[in-house]
Amino acid sequence: MAAASSCREEAERDPARRDLWLQQASKWMALAGEQAGHALIVCDHAAASPDARR
């Protein structure tokens, strides 16, 4: 979870590579869920909609 959080922070600091950082965050979230024995569906609406970006 810490790695996913770190990637999200990088996405805020690095707008040029924001999509890459958010993809990495999603991968880390999924991995954390698998290790905990849970199935996760990760949906980041901000990544899907350029208008939703801060």
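**Figure 1. Contact between helices H1 and H2.** Ala3, Ala4, Cys7, Arg8, Glu10, Ala11 and Glu12 of H1 meet Arg18, Trp21, Leu22, Gln24, Ala25, Trp28 and Met29 of H2, where contact denotes heavy atoms within 4.5 Å. By class, this contact of H1 with H2 comprises 9 nonpolar, 1 polar and 4 charged residues. Ala, Val, Leu, Ile, Met, Phe, Trp, Tyr, Cys and Pro are classed as nonpolar, Asp, Glu, Lys and Arg as charged, and the others, Gly among them, as polar. The model is predicted: local features need pLDDT of at least 70, side-chain atom pairs count only at pLDDT 80 or more, and totals for chains, interfaces and linings use all residues. Residues are numbered from 1 along each chain as its sequence is written, and side-chain values use heavy atoms, with hydrogens and water left out.

**Figure 2. Packing geometry of H1 and H2.** H1 and helix H2 (residues 18-35) pack at an angle of about 170 degrees, and their axes lie 8 Å apart. H1 is therefore roughly antiparallel to H2, a term for angles over 145 degrees. The axes are lines fitted to C-alpha atoms, for helices over the stretch in contact, and angles run from 0 to 180 degrees between N-to-C directions.

**Figure 3. Salt bridge between Arg13 and Glu10.** The side chains of Arg13 and Glu10 form a salt bridge with an N to O distance of 2.7 Å; the term requires a side-chain nitrogen of Lys or Arg within 4 Å of a carboxyl oxygen of Asp or Glu. Both Arg13 and Glu10 belong to helix H1 (residues 2-13), 3 residues apart, or about one turn of the helix. Arg13 is exposed at 56% relative accessibility, whereas Glu10 is partly exposed at 24%. Buried means under 20% relative accessible area, exposed over 50%, and partly exposed in between (1.4 Å probe, protein chains only).

**Figure 4. Salt bridge between Asp14 and Arg17.** Here the side chains of Asp14 and Arg17 meet at 3.8 Å, N to O. Arg17 is partly exposed, with 43% relative accessibility. The count of salt bridges comes to 2.

**Figure 5. The chain as a setting for the close-ups.** The chain has 3 helices and 0 strands, in the order α-α-α along the sequence. Helices (H or I, at least four residues) and strands (E, at least two) are DSSP runs, numbered from the N terminus. Of the 54 residues in the chain, 19% are buried.

Notes:
Angles under 35 degrees count as roughly parallel, over 145 as roughly antiparallel, 65 to 115 as roughly perpendicular and the rest as oblique.
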